[in-house]
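Here is a short briefing on a structure. Read it with the model open beside you.

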Amino acid sequence: MAAVQETVDRVRRIDVDQYRYGFETVIESEKAPKGLSEDTVRYISAKKNEPAWMLEWRLEAYRRWLTMTEPQWARVDYPKIDYQDLYYYSAPKPKKQLASLDEIDPEILKTYEKLGIPLREVAVLEGVVKPEGEGAPSGRRVAVDAVFDSVSVATTFKEELKKAGVIFMPISEAIREHPEMVKKYLGSVVPTSDNYFATLNSAVFSDGSFVYVPPGVRCPMELSTYFRINERNTGQFERTLIIADKGAYVSYLEGCTAPQRDENQLHAAVVELVAHDDAEIKYSTVQNWYPGNSEGVGGIYNFVTKRGDCRGNNSKISWTQVETGSAITWKYPSCILRGDNSRGEFYSIAISNGFQQVDSGTKMIHLGKNTTSRIISKGIAAGRSQNTYRGLVTAHRKASGARNFTACDSLLIGDKCGAHTVPYIEAKNSSATFEHEATTSKISEDVLFYCIQRGLSQEEAVGLVVNGFVKDVLQQLPMEFAVEAQKLISISLEGSVG
Amino acid sequence: MMSLLEVKNLQVRVEEREILHGLTLTVNTGEIHAIMGPNGSGKSTLSHVIAGKPGYEVTGGEILFKGEDLLEMAPDERAAKGVFLAFQYPVEIPGVATMTFLRTALNAQRKARGESEYSTPDFLKKVREVAKSLNIPQDMLKRGVNVGFSGGEKKRNEVLQMALFEPSLCILDEMDSGLDIDALRIAADGVNALRSPDRAMVVITHYQRLLNYIVPDVVHVMSRGRVVKSGGKDLALELEESGYAQFDDAA
């Protein structure tokens with residue numbers, strides 16, 4: 001079962017469209033006209049069959065966006081984006097179908113091999129249409145039946161969630177089916193006016209997930225599992241809203257370890273989490289978007305706003321992220337610790353290689369009494385990349401007894417990369433206790449040689465040392481992903497030494 | 001008796017400075033050779049060059065290992081072929097459990113040799129056996145590689161790896177440095193247990209003391225980048241008496 005399920009997961013996760021279109025009749029393949037205007041916003045809203053209030057919400061955001069300017073404070077450098085030269089809506093297209101595995105780019109095949117994904121799954125992921133006939137080289141058959149399995153597995157999951165009362169659906173559906181809830185919570189953590197990219201997202205978001213876990217319910221499965229099966233192409237402006245009602249618990253995972261490409265260079269997602277009294281949300285991300293080529297050309301710009309609101313007393317929100325992809329990462333998953341005794345956590349591994357630029361960190365905003373937060377950040381810079389941790393820890397006047405612990409460790413590989421730590425710490429309450437530790441180290445030649453003398457290749461040695469460096473954070477990931485993430489980390493650093 | 005290691009007229013430079021000026025050394029399987037000599041005579045350089053550490057430029061001579069050109073092989077290839085260097089200062093690798101490290105390395109070597117990887121139970125059984133014989137507690141294997149290990153523990157960890165990987169050539173670089181007499185005895189006992197007709201050892205040391213525990217078949221004296229004298233185990237005792245100064249003139 002486990003193996004089948006894994007196959008199924010991967011099938012759905014990466015190349016969902018192809019199969020979706022096998023079962024759904026409505027195929028929309030047109031694009032909105034290039035550029036951004038009120039008409040574009042109306043077009044998107046109409047495509048999504050949205051009620052009038054939603055369109056109004058989007059338009060308001062759009063008008064607000066017109067008055068804003070792109071933020072410049074991050075330590076990232078990219079050519080000016082021409083927002084009128086982009087497409088803001090296109091229906092997802094099925095992947096090009098291939099006749100056999102031999103048509104797959106050998107480089108991509110190699111990556112799959114290193115991630116430990118079996119060939120037959122690769123075939124499904126990469127859209128090879130039919131099993132090869134008899135006489136095909138051994139191990140090169142394609143498990144097309146996985147598709148059918150996935151339907152039944154997904155259905156089982158859906159029933160289980162329904163029984164528990166958990167609502168989990170695309171946000172576009174939730175807008176139609178649960179308008180009160182969406183109205184109440186959408187934009188309540190990241191307001192439409194929040195920042196340039198979040199405002200843009202509010203105007204043109206394509207799709208994303210909506211989760212509601214009712215009071216006292218512990219979501220019966222890692223939503224990651226379900227999510228991997230049901231993820232659809234959400235487009236470049238993803239919008240996610242997760243609500244854990246009183247005493248509820250949910251664990252959610254987005255992204256995947258397999259390499260992802262997208263023709264849209266600009267990605268601006270918004271994720272909002274709301275935890276009521278005694279509720280807990282665990283949100284994990286593995287991000288492996290295309291980082292650009294070896295000369296630093298191309299690659300995804302990933303401008304993400306993620307924020308959790310510990311609205312209730314004793315609530316907890318935990319972010320875990322493994323960031324290995326994208327040309328530019330601009331991302332600060334944060335926690336507003338509003339409820340008394342609430343807790344925020346941020347565990348991060350950010351790896352940059354080649355010409356990648358990462359400016360990432362978190363904000364822990366202590367508002368309630370006896371709120372606690374913990375930040376563990378591991379930045380690894382290789383190649384000619386720049387890797388910045390930027391974090392804010394702040395205690396409001398009323399946040400008596402607030403506590404934070406921060407540990408930022410940076411590891412440099414080679415001498416052409418940079419690691420930077422920019423912590424902002426503000427305590428307006430004298431009873432707050434904030435601790436900050438930071439280290440920067442270089443991967444030592446002696447350590448590498450020691451490993452190599454024991455039989456490891458150069459790349460294996462770097463992978464091992466780096467995985468040791470990030471161990472504390474890896475442990476926070478759901479089991480099923482920890483192993484893949486570990487391999488992904490090694491792969492991301494290939495060619496970084498020697 | 002087959003020559004396991006043949007170093008012929010080896011010349012080595014580090015940053016434009018010649019350290020080894022035509023060193024010749026032959027080690028046969030089953031033998032234990034001690035290399036003695038003062039600081040700066042090139043003992044550690046020799047061990048690093050055999051293991052393939054970057055930063056050394058071989059300007060002349062050759063090294064044959066089991067009849068093959070060792071200098072043509074990458075360092076990890078040499079390890080898989082059976083070259084093991086017990087480091088003078090074993091490094092720490094935080095976050096990597098010793099057990100994980102041992103298994104990763106052993107399987108990497110086996111894979112390179114075209115052998116099957118060890119199954120987890122077989123591997124654990126093997127490690128536990130060896131660890132027990134070296135007086136290495138189980139919880140040490142769960143800790144990060146050499147992290148917080150005492151000098152003695154680090155050296156025992158080197159011997160543990162030697163026992164696990166079963167190399168045909170063991171080079172022990174200043175194994176006695178930083179060890180008290182009890183720690184030295186435990187480590188030396190571990191090494192002696194690995195003496196075998198299929199294996200050779202090269203023991204590099206300043207002091208005769210170590211050679212009381214690991215008794216060599218052949219003793220070489222190095223000075224200024226060459227082997228200046230070779231003899232039986234008594235040569236070490238002789239050196240202890242007279243010191244290295246006499247060889248400075250000879251060199």
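Why does helix α10 (residues 196–204) of chain A count as largely enclosed by the rest of the structure? Of its 9 residues, 8 are buried, so the rest of the structure largely encloses α10(A). A residue is buried if 20 or more other C-beta atoms, placed from the backbone, lie within 10 Å of its own.

This is a predicted model: local features need pLDDT of at least 70, side-chain atom pairs count only at pLDDT 80 or more, and totals for chains, interfaces and linings use all residues. Residues are numbered from 1 along each chain as its sequence is written, while chains are lettered from A and ligands numbered from 1 in the order in which they are written.

**Helix α10 of chain A**
- The buried residues include A:F197, A:L200 and A:V204.
- They pack against α3 (38–47), α4 (52–66), β3 (239–244), β6 (270–275) and β8 (301–310) of chain A.
- Helices (H or I, at least four residues) and strands (E, at least two) are DSSP runs, numbered from the N terminus.

**Chain B as a whole**
- Chain B has 10 helices and 12 strands.
- Its C-alpha atoms fill a box of roughly 55 × 40 × 35 Å along the principal axes.
- Of its 251 residues, 43% count as buried.

**Where chain B touches chain A**
- In chain B, 22 residues are in contact with 17 residues of chain A; contact means C-beta atoms, placed from the backbone, within 7 Å.
- α2 (75–81), β7 (93–97) and α3 (98–112) of chain B each supply at least two residues of this side.
- The largest share, 5 residues, comes from α3(B).

Technical notes. Two residues are in contact if their C-beta atoms, placed from the backbone, lie within 7 Å. A residue is buried if 20 or more other C-beta atoms lie within 10 Å of its own, exposed if 12 or fewer, and partly exposed in between; C-beta atoms are placed from the backbone.
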